[in-house]
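Please inspect the sequence and the coordinates before reading on.

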Amino acid sequence: MKAGNIAATAPPPRRAGWRAEAAAMVLLAWPLVLTNLSQMAMAVTETLLLGRVGTEAMAAGMLGSSLYFAVIAPAFGLALAAAPLLALARGEGRRAHGAGRGWVREMRRSLRAALWACAIASLPSGLVLWHAGALLVATGQDPALAALAQDYTRAALWSLPGFCAFVVLRGFLAAMERPAAAMWIALAGVVLNIPVAWALIVPAGLGVTGAGIAATIADTGIFVALLAVVARDRVFRRFHLFGRIWRPDPPRLGRVFALGLPIAGSMLLEIGVFTAAALAMGWFGAVAVAAHAIAVQTATITFMVPMGIGQAATARVGLALGAGDRAGAALAGWTAIALGGGFMAAMAAVLVAGADGIAAAFIDAADPSAADVRALGATLLVVAGVFQLVDGVQVVAGGALRGLADTRVPMLFAALGYWGLAFPAGLALAWWAGLGPAGLWIGLALGLALVAVMMTLRWRRLSA
């Protein structure tokens, strides 16, 4: 289905009310939210443990993980492309009242093609991560921090296959409106990751390398566990998802790339601007990078909620679109935007009010730089709290647009907002206006606000 105004190819079912749609959205979203939070909890756990090792280890871990998520954006975006394709196929099956097995075959083809696409995109990503040190030094980072960050990326790059495959399977479960299994497995992964990460980072003395190894073990483990669940489930077995997976499907692979590459581009633009901000923080020294790590980790935790709502919006909009329910698709998108924006408004108040206490939790008080990191971290958290609202709106609106298979224009919005405004304004405020690290974060807030406005206006036009 091409992007554009929602096409009703069959008489739409009776439109559900706002309350009914909100209830359905929350029912689908909360397992996705908890899955996102659990994956983020692994990263936060490693940051907290590295903070106990020292400011340098924490800063190197931040640089390494920032580069990691920027480099894997192509593979991650292609994994996310599975969700709208799977939801659309399931919606078409509903419209046909489940007649025939065509929609089952369509879902199987989309899932397999997404896995192939992720595997193809992972190869160049792994190569870049293996040589991360040289790349970081070329951007002006301290050679010692760059070397430590490379230790992290070389250990963590092996987590990429499991991470992407887990995302693809999670998209399948969301399209089937059964996301709970992925949630419980991800939560179990967090529980198991804590002692593993601690043992590798602290007693074993592996530091940032131990954090990367722990990430690989966790991401591989949750994929294997979810694969076992899907393989054993009576309903899912009839899809034969992995039968003859070695056979390529060029037409469907092309659809995944056509839909997924703009998603990957949008992600790369967004993750890239935060990675660039982290690299720019490196010019201010290890204290600024550590404070930036505190603000990013905290803001990302709250971001996981609207991100999950956006993923649910992709599924709900896609299901309605596939079923020919024009009003239902529009209602699903607007409900998701309201839920995501409302939650982030509340979180903005929490971050502003509790900035100092949150910053203190990330750093060992005995560290010589603790007081400086805490003070700067609290300042950045206040700025992060201010842009929480717009950040939530833009990610949910983007998820709703993915449900319409509209990904190319949102990518252009991301380019304009993040690189046309956010980063240049941040650099100007940091150096020319003399605001330092806080100026970089103010620039990020301005860019996010612009993207949120453009995404919402586009959703309004396409869903009318």
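Which residues in α2 meet which residues in α7? On the α2 side they are E56, A59, A60, L63, G64, S65 and Y68, and on the α7 side A144, L145, L148, A149, Y152, T153 and A156.

**Overall form**

- The chain contains 19 helices and 0 strands.
- Its radius of gyration is 21 Å, close to the 23 Å given by the globule rule for 464 residues, so the chain is as compact as a globular protein of that length.
- Along the principal axes, the C-alpha atoms occupy a box of roughly 70 × 45 × 35 Å.

**Confidence of the prediction**

- The mean pLDDT of the chain is 85, with 94% of its residues at 70 or more.
- Residues 1-16 have pLDDT under 50 throughout, and the model gives them 33 contacts beyond four places in sequence.
- Residues 96-100 likewise remain under 50 in pLDDT, and for this stretch there are 2 contacts beyond four places in sequence.
- Where pLDDT is low, predicted coordinates should not be read in detail.

**Packing of α2 with α7**

- Two packed helices are described by the angle between their axes and the distance between the axes.
- Helix α2 spans residues 55-71 and helix α7 spans residues 143-156; their axes lie 8 Å apart at an angle of about 55°.
- An angle of about 55° falls between the limit of 35 degrees for roughly parallel and the 65 degrees at which roughly perpendicular begins, and α2 and α7 are therefore oblique to each other.
- The crossing of α2 past α7 is right-handed.
- The residues of this contact comprise 10 nonpolar, 3 polar and 1 charged.

**Packing of α3 with α12**

- Helix α3 covers residues 73-80 and helix α12 covers residues 250-282; the two axes come within 7 Å and cross at roughly 130°.
- α3 passes α12 in a right-handed sense.
- From α3, the residues in contact are A73, P74, F76, G77, L78 and L80; their counterparts in α12 are V256, F257, G260, L261, I263, A264, M267, L268 and I271.
- By class, the contact of α3 with α12 has 13 nonpolar and 2 polar residues, and no charged ones.

Technical notes
Residues numbered from 1 in each chain as written. Predicted model: local features only at pLDDT ≥ 70, side-chain atom pairs only at ≥ 80, totals over all residues. Heavy atoms only, no water. pLDDT = per-residue confidence, 0-100. Contact = heavy atoms within 4.5 Å. Axes fitted to C-alpha atoms, helices over the stretch in contact; angles between N-to-C directions. Helix = DSSP H or I, 4+ residues; strand = E, 2+ residues; numbered from the N terminus. Left-handed = near helix turned anticlockwise from the far one by under 90°. Nonpolar A, V, L, I, M, F, W, Y, C, P; charged D, E, K, R; others polar. Rg over C-alpha atoms; globule rule 2.2 N^0.38 Å. Parallel < 35°, antiparallel > 145°, perpendicular 65-115°, else oblique.
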